[in-house]
Amino acid sequence: MDSVKNKIDVQILDRLYPLEVEESNRKAFEDTVNGLNQRLNLFRSRYSNKDKQDSLAIVALQLAAELSELKIKLENAEQAESILDRLNGALDNLV
């Protein structure tokens, strides 16, 4: 079944970008754009001498680093879950 796509315009800094997003993802896109613009505005207010390209690059780097951290935490959680499953299995065998 094909998903219904909606056309939306998102503004990042001073530029509009037309996108087609699934209705189920629309809110996530809008929230993401709002969060991105907040980060960009914060960075630009702290470092007013930076141009838009620098601002985008730094915020993209920050977001990529946060994503990397989350991936590591997820991997650690999955490893911990695997260890707990093995321990539960071993305990079940003892009883």
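**Starting from one glutamate**

Author: Let's start with glutamate 30, which is partly exposed because its relative accessible area is 31% (buried means under 20%, exposed over 50%, and partly exposed in between, with a 1.4 Å probe and protein chains only). Before going on: this is a predicted model, where local features need pLDDT of at least 70 and side-chain atom pairs count only at pLDDT 80 or more, while totals for chains, interfaces and linings use all residues. Residues are numbered from 1 along each chain as its sequence is written, and side-chain values use heavy atoms, with hydrogens and water left out.

So what does glutamate 30 pair up with? Its partner in a salt bridge is arginine 26, and the closest N and O atoms are 3.0 Å apart (a salt bridge is a side-chain nitrogen of Lys or Arg within 4 Å of a carboxyl oxygen of Asp or Glu). Both residues sit in helix H1, which covers residues 26–46, and they are four residues apart, about one turn of the helix (helices are DSSP runs of H or I with at least four residues, strands are runs of E with at least two, and both are numbered from the N terminus). Arginine 26 counts as partly exposed too, because its relative accessible area is 28%.

Lysine 27 counts as exposed because it has 55% relative accessibility, while aspartate 31, at 39%, is partly exposed.

The whole structure has four salt bridges, and the ones described here are among them.

Now over to H2, which runs over residues 52–94 and includes serine 55. Serine 55 has 0% relative accessibility, so it counts as buried. Leaving out residues up to four places away in sequence, serine 55 touches Leu40, Phe43, Arg44 and Lys50 (contact means heavy atoms within 4.5 Å).

Isoleucine 83 is partly exposed because it has 43% relative accessibility, and leucine 84 is exposed because its relative accessible area is 51%. Together with Leu87 they form a nonpolar surface patch with about 280 Å² of accessible area. Patches take residues with over 30% relative accessible area and no salt bridge, joining like charges within 9 Å and nonpolar side chains (Val, Leu, Ile, Met, Phe, Trp, Tyr) within 5 Å. The areas come from the Shrake-Rupley method with a 1.4 Å probe, and for residues, only the protein chains shown count as cover.

What about the strands? S1 (residues 5–12) and S2 (residues 15–22) pair in the antiparallel sense over eight bridges (two strands pair if DSSP finds at least two bridges between them). Lysine 5 has glutamate 22 as its bridge partner, and valine 10 has tyrosine 17. S1 has a covered face of Asn6, Ile8, Val10 and Ile12, and an uncovered one of Lys5, Lys7, Asp9 and Gln11. In a regular strand, side chains alternate between the two faces of the sheet. The hairpin has two residues between its strands, and leucine 13 takes a positive phi near 55 degrees there. Leucine 13 counts as buried because its relative accessible area is 13%.

Stepping back, the elements run β-β-α-α from the N terminus. The radius of gyration is 21 Å, well over the 12 Å that the globule rule gives for 95 residues, so the chain is more spread out than a compact globule (the radius is taken over C-alpha atoms, and the rule is 2.2 Å times the number of residues to the power 0.38). The C-alpha trace spans about 65 × 45 × 15 Å along its principal axes, and buried residues make up 13% of the 95.
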